[in-house]
Amino acid sequence: MKKKQVSLKDIANEVGVSIATVSYVLSNRKDSRVSEAMAKKIKDIAKTLNYQPNKIAQSLKSGKTNTIGLIVADISNPFFANIARIIEDEATKLNYTVIFGSSDEKAEKSLHLIEFLSSRQVDGFIIVPSEGTDNQIAQLKQQNIPLVLLDRYFPDISTNYVVIDNFEASTKVVNELIVSGYERIGMIAYANPLYHMRERIRGYRETIQNHFGGKISPNLVEIDYNDSKKQVRAAIDNLLSGENPVDAVFFATNTLAILGLKYIDELSLTVPKDIAIISFDEGEAFDFYYCPLTHIRQPLDEMGKRAVQILTQQIATPDMGEKQICLKADLIKGKSSLAIYSS
């Protein structure tokens with residue numbers, strides 16, 4: 001038989017006071033309406049009886065559930081797993097619970113998650129948007145649901161967001177390779193219209209063009225996310241073929257870099273002697289690679305904390321102005337892009 005849940009009335013009968021007095025004390029009111037001795041007695045009895053507040057009733061009364069819906073692109077990617085943990089920890093400090101899901105870069109799954117989390121009455125969303133979800137974001141905004149976009153955003157939709165300067169980070173990568181003596185620099189990226197990816201590609205293209213002019217052209221291969229393993233291998237074959245094979249490869253994400261490094265090892269190529277490598281983002285798998293990888297490190301702690309802070313501020317103050325944060329990322333130098341003259 002299911003055990004009866006302890007109510008405010010049970011506590012009131014045990015102490016010998018009104019239900020209103022018990023409610024007043026357990027809601028942590030701060031004025032002197034109830035003596036300290038009586039308040040302590042009520043709290044002690046509540047603890048002894050194992051009283052658990054009715055969260056549903058509380059949320060109906062306040063209009064809030066103190067929950068945040070978090071949608072990331074791919075929870076199996078260490079980048080998103082780490083940032084989800086940061087968000088959860090920061091939200092806990094502010095008395096919020098995070099319910100999260102992974103869209104797997106699919107618009108239809110993103111929509112399902114938004115509908116599911118909305119049905120759970122979350123107070124707001126932190127979303128890493130996938131391709132084709134701009135209409136979903138616009139709809140949330142139209143409904144005045146508190147929202148922060150993370151890592152990616154849509155320039156045509158005015159929202160809160162926390163991102164990095166992808167263009168600047170990409171130029172750092174290419175400049176590092178050029179300074180190290182590499183000229184035939186290839187890039188492997190995802191073929192999608194998302195702004196963060198287009199900015200990484202733009203940084204690569206413009207830096208190559210600005211430095212080499214028409215002498216050396218950008219050597220970019222864009223692949224399909226859903227067929228990435230096969231297409232990364234084909235991309236590397238393409239970049240290494242012909243009369244002027246590349247001497248360096250810039251991978252636009254850590255997942256692409258991991259796939260690429262596996263294939264480069266299969267080809268018995270040595271990094272950086274045969275080919276230099278730089279990855280956008282880091283990954284735990286890189287720690288086990290024989291050659292420490294040069295990579296772009298995004299400020300995950302700050303990104304996650306700022307996203308939670310902005311969202312909870314908007315939940316508390318719905319009419320506050322939008323906050324759009326663009327942070328800098330660092331280039332962490334390893335041996336995979338070692339200068340040619342030093343190798």
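Predicted model: local features only at pLDDT ≥ 70, side-chain atom pairs only at ≥ 80, totals over all residues.
Local features need pLDDT of at least 70 and side-chain atom pairs pLDDT 80 or more, while totals for chains, interfaces and linings use all residues. Residues are numbered from 1 along each chain, and side-chain values use heavy atoms, without hydrogens and water.

The chain is assigned domain 1 (8–53), domain 2 (64–164 + 300–327) and domain 3 (166–298); the bounds come from an automatic or database assignment. The C-alpha centres of domain 2 and domain 3 lie 29 Å apart. Their contact (heavy atoms within 4.5 Å) takes 17 residues from domain 2 and 14 residues from domain 3. About 1400 Å² is buried between the two, 57% of it on carbon and sulfur atoms. Buried area is the accessible area (1.4 Å probe) lost on putting two parts together, summed over both.

The structure as a whole holds 16 salt bridges. Asp104 pairs with Lys109 at 2.8 Å, N to O. Arg152 pairs with Glu105, also with 2.8 Å between the closest N and O atoms. Arg152 is buried, at 5% relative accessibility, whereas Glu105 is partly exposed at 23%. Buried means under 20% relative accessible area, exposed over 50%, and partly exposed in between (1.4 Å probe, protein chains only). Glu105, Asp151 and Arg152 form a salt-bridge network. Arg198 and Glu222 form a further salt bridge, at 2.9 Å. Both ends are partly exposed: Arg198 at 30% and Glu222 at 32%.

Technical notes: Salt bridge = Lys/Arg side-chain N within 4 Å of Asp/Glu carboxyl O.
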